[in-house]
Every structure is written in C-alpha cells, then in structure tokens.
Amino acid sequence: QVQLVESGGGLVQPGGSLRLSCAASGVIARVNYMGWYRQAPGKLRELVAVQYDGGSTTYADSVKGRFALSRDNAKNTIYLQMNSLKPEDTATYYCTADLIVISTRFTTWGQGTQVTVSS
C-alpha cells in the first residue's frame, strides 16, 4: 500500500509564493515519476510539473520560469516551489506518483490541496 500526503496550500496574494510538499509512504523500491496536477473549478485536470526517474522534469508552459519542482529521494518527498503566483493559478493541486512498492506497481493520487491566489 502507498499513500501520498500533501501539504502547503493556502491563500496568497498575486505575486506571492507558496511551497507544496508531497510525501510518499510505504516500502518504496523505485519511483518512476512524481509530480503535480491541478484542477480549477469547471476545468479539466492539467499537468503542472512532473519529474521522472533519472531526474528529467516537465513543466506546463503556463508555469515555466515561475514554478520549480525538487525532490528529496531519502524522504520520497517532492516539493513544488511556486513563485510570482497569479489568480489563474488558483486550483486544487494534486500530487501523483508511479511507484514500485516491494514488487507491485502503483499509480496513485493525493487528496489535493487548495491554492487560492487573490487580493
């Protein structure tokens, strides 16, 4: 069994910053990828950033240069540093991961954390 625990959402003014965290629990043998998606009201869930095994990272065009994804392998935790936030970044942010736990592959999602950018 594997669980993703997210933290770090909240309310911030335009131009501000937030850092999201996502920790994966379980006896993890391998992380194929970990990353973040977001979903705004009335919109489809969309990719924000994902890091693959080996370290390559993909970002949505809308967040390039503003958001940075990093990972602590020892803690099986990823961080999303969000700078220069805009009202259009308002959404529920979901952590996702594709993991090998012991000998079983899991693709799983966190419960989501709300990010609201508003003055």
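The model is predicted, so local features need pLDDT of at least 70 and side-chain atom pairs count only at pLDDT 80 or more, while totals for chains, interfaces and linings use all residues. Residues are numbered from 1 along each chain as its sequence is written, and side-chain values use heavy atoms, with hydrogens and water left out.

User: What makes Asp53 and Arg30 a salt bridge?

Analyst: A salt bridge needs a side-chain nitrogen of Lys or Arg within 4 Å of a carboxyl oxygen of Asp or Glu. For Asp53 and Arg30, the closest N and O atoms are 3.0 Å apart. The pair therefore meets the cut-off. Asp53 sits in the loop between β5 (46-52) and β6 (57-59) and Arg30 in strand β4 (residues 28-39), so the bridge ties together parts that are 23 residues apart in sequence. Strands here are DSSP runs (E, at least two residues), numbered from the N terminus.

User: Why is Asp53 called partly exposed?

Analyst: Buried means under 20% relative accessible area, exposed means over 50%, and partly exposed lies in between (1.4 Å probe, protein chains only). Asp53 has 43%, so Asp53 is partly exposed. Arg30 has 45%, so Arg30 counts as partly exposed too.

User: How do you know that Asp98 is buried or exposed?

Analyst: Asp98 has 1% relative accessibility, so Asp98 counts as buried. The side chain of Asp98 meets that of Arg105 in a salt bridge of 2.9 Å, N to O. Arg105 has a relative accessible area of 57%, so Arg105 is exposed.

User: Which parts does the salt bridge of Asp89 and Arg38 tie together?

Analyst: The closest N and O atoms of Asp89 and Arg38 are 2.9 Å apart. Asp89 lies in the loop between β8 (77-82) and β9 (91-101) and Arg38 in strand β4, so the tied parts are 51 residues apart in sequence. Both Asp89 and Arg38 are buried. Arg38, Glu46, Arg66 and Asp89 are linked in a network of salt bridges.

User: How many salt bridges are there in the whole structure?

Analyst: The search finds 6.

User: What makes a set of residues a nonpolar core?

Analyst: Such a core is a set of buried Ala, Val, Leu, Ile, Met, Phe, Trp, Tyr and Cys residues joined through side-chain atoms within 4.5 Å. The largest one here has 30 residues, and Met34, Trp36, Leu80, Met82, Tyr93 and Leu99 have the most contacts inside it. Its largest share, 6 residues, comes from β9.

User: Which residues does Met82 touch?

Analyst: Contact means heavy atoms within 4.5 Å. Not counting residues up to four places away in sequence, Met82 touches residues including Leu18, Leu20, Phe67, Tyr93 and Val115.

How values were computed
Helix = DSSP H or I, 4+ residues; strand = E, 2+ residues; numbered from the N terminus.
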